[in-house]
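Please study the sequence and the model shown here before reading the report that accompanies them.

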Amino acid sequence: MHSYRLFSLMILCCSLIGLVGSEAFPAQPPDGKKDKKGGKAGKSKTSDPRASKVRPFQDLWIPPILEGKTLDLSLAKYQRLFLEDKATPTYGYNGHKFWGPTLILNQDDTVRINVKNELEEVTTVHWHGLHLPAATDGGPHQLIQPGETWSPTFTVKNNAGTYWYHPHPHEKTQKQLTLGAGGLIIIRDPIEAKIDLPRTYGIDDIPLVLSSRRFKTDNQFSYEGDNDKYGDFLLANGTMDAQISLPAQFVRLRILNAEIERGYELGFADNRTFYQIATDGGLVEKPVPLKRLKLMVGERVELLVDLSDKDPQSSLDLMAYNAGQSFGFPGGEPDKGPPNGSYFNDKDFRILRINLTAPTQKRVTKLPETLTVNRFPSESEVSTRRNLQVTAGRPRFSFDNKFYDMHSTNQIVKLGAVESWTITNNNIFGHSFHIHDVQFKIVARGNEAPAEYERGWKDTVYLPRGKSVTFLAKFEDYASDTDPFMYHCHMANHEDGGMMGQFLVSKNPAALKKDANGMVRIPDRSEHPLTTEMITAADQQKQKPAPDFRVQDISGQTLQLASLVEKKPVLLIFIERDCPCSRESAGYFEKISQAYSSTCSVVGVINAETQTAQKWAKSVGCHISLIADPNLKIIRDYQAERSVYTTLIAPGGKIEKTYPGYSTDILQEISLSVARLGRVTPQTVSFEGAPKRLKSGCPFVEE
Ligand code: C2O
Ligand code: CU
């Protein structure tokens, strides 16, 4: 698609049929209004001179769809040609040389997403906007080491809407985003499905991801923190100088601001009215008519625009009206080069050229009057109020004068609470505030009510300079005393610089062990390290009699250890319900249990109530016999307070060996020992994809 031959051919054809304007981007707004700050060019360097070169339009790339209940994502390094002479090193998911497939998820489905890291550096994948357990959130704590696969499982609880996924490793987010790692998520639900809305992906339902990049002289992307907060080259879905053919009818645009820092004031070149139908967290109650709309980093919006008045063959530009913004608007600075400017700063510019074509057969012909009914938390339910301040310890921004510390919480929230958060930005510049776990309702901007277009569900909000914003959110469903959620400025340079905090949602905050500041220590979850004491303790269990138990498994079958071990070996697998390694290893133990189905009893013990355990087994696709042990009774008897412990019991009832953690080697060893104890020939079991290094899982948490 981006071959050089095709490219040169396009230049030729395009200039002949006049697709290339006299300027690739109008320096003057189409309505003839002059830039308010024109001429005040700052003292910074100039923008990349290559940015002003006239280039032919290229067709907007539409990321392909990835759908289902088990999805595989794989992040790898590529090269892609953006500028004429030399390819640019990039990151992309699933073979795409920049960005990734659009995931389509259905509300209420339980999905498993296998994320493989084929990079030479660590990454994470965060499901931006999704409400799910912190251990599956993909924040800075859920690191995926090079070569490894992370397989979170979660139930899709959000409303139909546009969400996204992207890397979140602390201090590396700007780099990985810049290189191209990210993708959209579309959630569908029955309410949205019943409304007559454009829904044909790529035809009248168009994903549009906005960002810009700066290239070094050798065409590598530049991602040096604050110096590269604004790019000189605009990318729409990774396409430079993008154009799209759209039918002259109602179309839906799902727009994501995936910039590092730049905000966009969206509008159409003919100043037409368009309709907002969804905010970050799904549909608004009824379409909101607008001519301009600000979209900050991390925010999404769904727009309906009626193009039926346009002649097929005519064209229309989607624009950014970024000229003359008040100071603090990201990208409004008049500078033209780094650190505070770019080719596009303080300028109105084209985002997308729309070429109209004939309307399609099946089309939406009128604007829906109503869309949904949203039930927001109310002021009367608020139990806690928090105030956060944007602060600046030169040269970096922070919240409340604290830079992000992975090992300490900043807030502790009680499970089920409705809270009111006020974020005050009495600092020199605008920001984009994002919180994980919840969708919130903006109730005030300073003393004013939020504008009509900010009255839906939000997870990201613009914090203009000198202003405050107050929102309400309910922190429900998911609690953990060890895995925190994040809140941060979504400008990746600010986030990497430490403008981030973390909070625990706890069932019982009073019972948490706190330090002098009332905060909780967050253990390092990235490596789940096994201490020497743990390894020795596991070793010392050898030859001891295995503690007996007589319980029903989750299918109602009675299991008594003493009778299970009469003739056959027993393999006990300890599972922490929220631990990604437990989920991942379950697949390998499933293989062992299949290979030795008649020679060994494989039994899992999970720290969950029966119902949760059933759900877990279903979502992971694990068919071994499972014991629900919510109070850690059996788990403690076996000193297995770390998950992914496996205890092999010899016929007769003595512990043969306890394996702390798992890796390819350990799985092989377990498989061979099971064969030896069962007196059968070893089966070939493939543990392909298992970690090379020892992984030990997460500590158990009581329900
Ligand atoms: Cu889109 Cu914490 O991020
Ligand atoms: Cu910021």
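The report below treats a sheet, a metal site, the nonpolar cores and a hairpin in turn.

The model is predicted: local features need pLDDT of at least 70, side-chain atom pairs count only at pLDDT 80 or more, and totals for chains, interfaces and linings use all residues. Residues are numbered from 1 along each chain as its sequence is written, and side-chain values use heavy atoms, with hydrogens and water left out.

**The sheet**

An open sheet of mixed pairing is formed by five strands in the order β39-β38-β37-β40-β41. Strands (E, at least two residues) and helices (H or I, at least four residues) are DSSP runs numbered from the N terminus, and two strands pair if DSSP finds at least two bridges between them. Strands β39 (625–628) and β41 (655–660) each have a single partner strand and stand at the edges, so one side of each has no neighbour in the sheet. Strands β38 (residues 601–606) and β39 run parallel and are joined by four bridges; Val-603 has Ser-625 of β39 as its bridge partner.

**The copper site**

Which atoms coordinate the copper ion (ligand 2)? The donors (N, O and S atoms within 2.8 Å of the metal, or 3.2 Å for Na, K and Ca) are His-431 (ND1), Cys-489 (SG) and His-494 (ND1), at 2.0 to 2.1 Å. His-431 lies in strand β28 and Cys-489 in strand β33, so the pair ties together parts that are 58 residues apart in sequence. His-431 counts as buried (under 20% relative accessible area, with exposed over 50% and partly exposed in between; 1.4 Å probe, protein chains only), because its relative accessibility is 0%. Cys-489 is also buried, at 1%.

**The nonpolar cores**

A nonpolar core is a set of buried Ala, Val, Leu, Ile, Met, Phe, Trp, Tyr and Cys residues joined through side-chain atoms within 4.5 Å. The largest has 89 residues, and those touching the most other members include Trp-127 and Leu-352. Another core, of 37 residues, lies apart from it and has Phe-589 and Cys-600 among its members.

**The hairpin**

Strands β18 (residues 274–279) and β19 (residues 282–290) run antiparallel and are joined by five bridges. A hairpin of two residues connects β18 to β19, and Thr-279 stands opposite Gly-282 in β19.

Notes
Chains are lettered from A and ligands numbered from 1 in the order in which they are written.
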